[in-house]
Amino acid sequence: VDIYTSHNSHAMWAIREARRALRGAAIGGAAETLVALDEAAWYTRHNDFLHAEESLETALEHMRAMNGRNARPS
């Protein structure tokens, strides 16, 4: 998600799409990621882009951790 001062609506759309995809995937442990995405949306709506970016990074960290937990052994 790219966050720029003049692109709040695009960032909000991308965050909503990420939430929708995550909910539809039925992946265990997604709650923390959804919380981080909600925080990113809130900060974006309030033009607090530094905290929005931090929340998005947190969401990515949770998603990477979920991939590790849900990986199937070969």
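Before you start, note that the model is predicted: local features need pLDDT of at least 70, side-chain atom pairs count only at pLDDT 80 or more, and totals for chains, interfaces and linings use all residues. Residues are numbered from 1 along each chain as its sequence is written, and side-chain values use heavy atoms, with hydrogens and water left out.

**Exercise 1.** Work out how many helices and strands the protein has.

Step 1: Helices (H or I, at least four residues) and strands (E, at least two) are DSSP runs, numbered from the N terminus.
Step 2: Counting them gives three helices and zero strands.
Step 3: Along the sequence, the pattern therefore reads α-α-α.

**Exercise 2.** Decide whether Ala 14 and Leu 50 are buried or exposed.

Step 1: Learn the cut-offs: buried means under 20% relative accessible area, exposed over 50%, and partly exposed in between (1.4 Å probe, protein chains only).
Step 2: Ala 14, in helix H1 (residues 8-25), has 16% relative accessibility, so Ala 14 counts as buried.
Step 3: Leu 50 belongs to helix H3, and its relative accessibility of 56% makes Leu 50 exposed.
Step 4: For the whole protein, 30% of the 74 residues count as buried.

**Exercise 3.** Find what sets the backbone of Asn 47 apart, and where Asn 47 sits.

Step 1: Start from the general rule: most residues other than glycine have a negative phi.
Step 2: Asn 47 is not a glycine, yet its phi is positive, about 60 degrees.
Step 3: Look for its place, which is the loop between helix H2 (31-45) and helix H3 (49-70).
Step 4: With a relative accessible area of 47%, Asn 47 is partly exposed.

**Exercise 4.** Determine how far apart the C-alpha atoms are in two pairs, Leu 50 with Ala 40 and Ala 14 with Ala 41.

Step 1: Leu 50 and Ala 40 are ten residues apart along the chain, and their C-alpha atoms are separated by 9.6 Å.
Step 2: Ala 14 and Ala 41 are 27 residues apart in sequence, with 9.6 Å from C-alpha to C-alpha.
Step 3: Now turn to contacts (heavy atoms within 4.5 Å). Among those between residues at least 6 apart in sequence, 54% join residues at least 24 apart.
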